[in-house]
Number of protein chains: 2
Amino acid sequence: MIRRASASATRHGRWRNGNRTRHIAAMQDTRFEQQIRFIVEIDKLKNVLRRTLLTDGTRRENSAEHSWHLALMAVLLVEHADPGVDVRRVIEMLLVHDIVEIDAGDTFAYDVAANADRAARERAAADRLFSLLPPDQQHALRALWEEFEAGQTAESRYALALDRLQPLLQNVFAQGGAWRSHGVTREQILVRMQPVGDLSAELGAYVVRLIDEVWAAGYIRSIDDVR
Amino acid sequence: MIRRASASATRHGRWRNGNRTRHIAAMQDTRFEQQIRFIVEIDKLKNVLRRTLLTDGTRRENSAEHSWHLALMAVLLVEHADPGVDVRRVIEMLLVHDIVEIDAGDTFAYDVAANADRAARERAAADRLFSLLPPDQQHALRALWEEFEAGQTAESRYALALDRLQPLLQNVFAQGGAWRSHGVTREQILVRMQPVGDLSAELGAYVVRLIDEVWAAGYIRSIDDVR
């Protein structure tokens, strides 16, 4: 049951052999223990680091806390989504959308080479991770992830816009943050933020204004500056 | 707009005076910018550390990633909640339930002294933090937090049970984790886990079994051991 039983002394001396093995075998049989196994496995998402910094600049953000932030944004900004959007589905999608990174790692949006095989790596990760769950939940969570990736529904378009808006806010309020340290240009960011403008003209205009402020402050460069 | 503009040189030399001040003043006027202000503020929850360790034992968990974990657990374990429970409300409650810790800090469950003024500290935090939002959302999020704290509805009882179950799993799979390093006893943990058994006999029995396994492995002590 408990991982890393390792070299510690055990009270009755039976931990590392019979008791533990029997328990793990039993876990394959009950629906509840499959759920627990998945819940414990996804703890690893807290160790997947994104390029984005916290706004105080002290460290990189991880994908679990990023997902929390997005889910709460989905609650607050729903008036910018299509009328009638299913908010519960959006939130669940955002809670699940980065889980594949446990195996596939976070791929920096502006890294062209790493993005070439991203889809294949993430599909393999989805196969392994979601299959820990009982079949009905395996299919439900995988469907949420695939809907997010396809970006064709009102729910996934809202979720995608939030997934672009949140790191923008982090970078802007960390004085350029990862954009600055990785030399990302104003124009690359504008392309990346297109889903925000596609969702809402107000959000889109706000985003362009922030990017221009960060550029005016000298934290990022424009391709015109480089020439 | 951008915090910590500090000593950096700015492109047009106007960042730290007129432009920035005007923008912050303008933010008090629009609903959208109130929402963004709150969204940026809650980034700080990622820096609030709990006593609980990640299951790999490498570091303490923060309250933002903990909230993500709980929200996804609420999706997966709903069959253990009361029939007809409003899952969206539970998820939103869990996304919000620890935000007051940005000002009030995380209070270790087994620290009696620190828990004496916890309620007062958290109320003051709620006053400040939720008031950043437009009035309707301020009231909605505060109501979720107060419902969680009161623990009287089917939704809040489910949320509370998850908030007890998740650190138990973290501690069990980190070989006793924070329980072990803080000398928490088997009996203290059993009392703390009562809301899990109140919610579901199956979950409650599972939790007792895990606690007994951790005790049998020698990672925690019983008051009977101490005597």
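This is a predicted model: local features need pLDDT of at least 70, side-chain atom pairs count only at pLDDT 80 or more; totals for chains, interfaces and linings use all residues.

Reader: Thanks! How many nonpolar, polar and charged residues are in the lining of the largest cavity?

Author: Let us start with who is there: chain A provides Ile39(A) and Val40(A), while chain B provides Thr55(B), His69(B), Gln166(B), Leu169(B) and Gln170(B). Sorting these residues by the classes above, the lining divides into 3 nonpolar, 4 polar and no charged.

Reader: And what is the volume of the largest cavity?

Author: The structure holds 1 cavity of 30 Å³ or more. The volume of the largest cavity is about 30 Å³.

Reader: Which element gives the most to the lining of the largest cavity?

Author: Among the lining residues are Ile39(A), Val40(A), Gln166(B), Leu169(B) and Gln170(B). Two elements give two or more residues each: helix 2 (31-41) of chain A and helix 9 (154-173) of chain B. With 3 residues, the one that gives the most is helix 9 of chain B.

Reader: How are the two copies related?

Author: Chain B can be laid on chain A by a turn of 180° and a shift of 0.0 Å along the axis, with an RMSD of 0.0 Å. The copies are thus related as by a two-fold rotation axis.

Reader: Why do the copies meet through the same surface?

Author: Look at the interface residues of chain B: they are also interface residues in chain A, so the copies meet through the same surface, and the share is 100%.

Reader: At what angle do helix 3 and helix 9 of chain A pack?

Author: Helix 3 includes His66(A), His69(A) and Leu70(A) among the residues that meet helix 9, whose partners include Tyr158(A) and Leu162(A). The residues of this contact divide into 8 nonpolar, 4 polar and 1 charged. Helix 3 of chain A passes helix 9 of chain A in a right-handed crossing. Their axes are 10 Å apart, and the packing angle is about 115°.

Technical notes. Residues are numbered from 1 along each chain as its sequence is written. Chains are lettered from A and ligands numbered from 1 in the order in which they are written. Side-chain values use heavy atoms; hydrogens and water are left out. On a 1 Å grid over the protein atoms alone, a cavity is a set of points where a 1.4 Å probe fits but cannot get out, and a pocket is an open set with protein on both sides within 12 Å along at least five of seven lines; lining residues have an atom within 4 Å of a point. Grid points are joined across faces, edges and corners, and a volume is the space filled by probe spheres set on the points. Helices (H or I, at least four residues) and strands (E, at least two) are DSSP runs, numbered from the N terminus. Ala, Val, Leu, Ile, Met, Phe, Trp, Tyr, Cys and Pro count as nonpolar, Asp, Glu, Lys and Arg as charged, and the others, Gly among them, as polar. Copies are superposed by least squares on the C-alpha atoms of residues with pLDDT of at least 70 in both. Contact means heavy atoms within 4.5 Å. Axes are lines fitted to C-alpha atoms, for helices over the stretch in contact, and angles run from 0 to 180 degrees between N-to-C directions. A crossing is left-handed if the near helix is turned anticlockwise from the far one by less than a right angle, and right-handed if clockwise.
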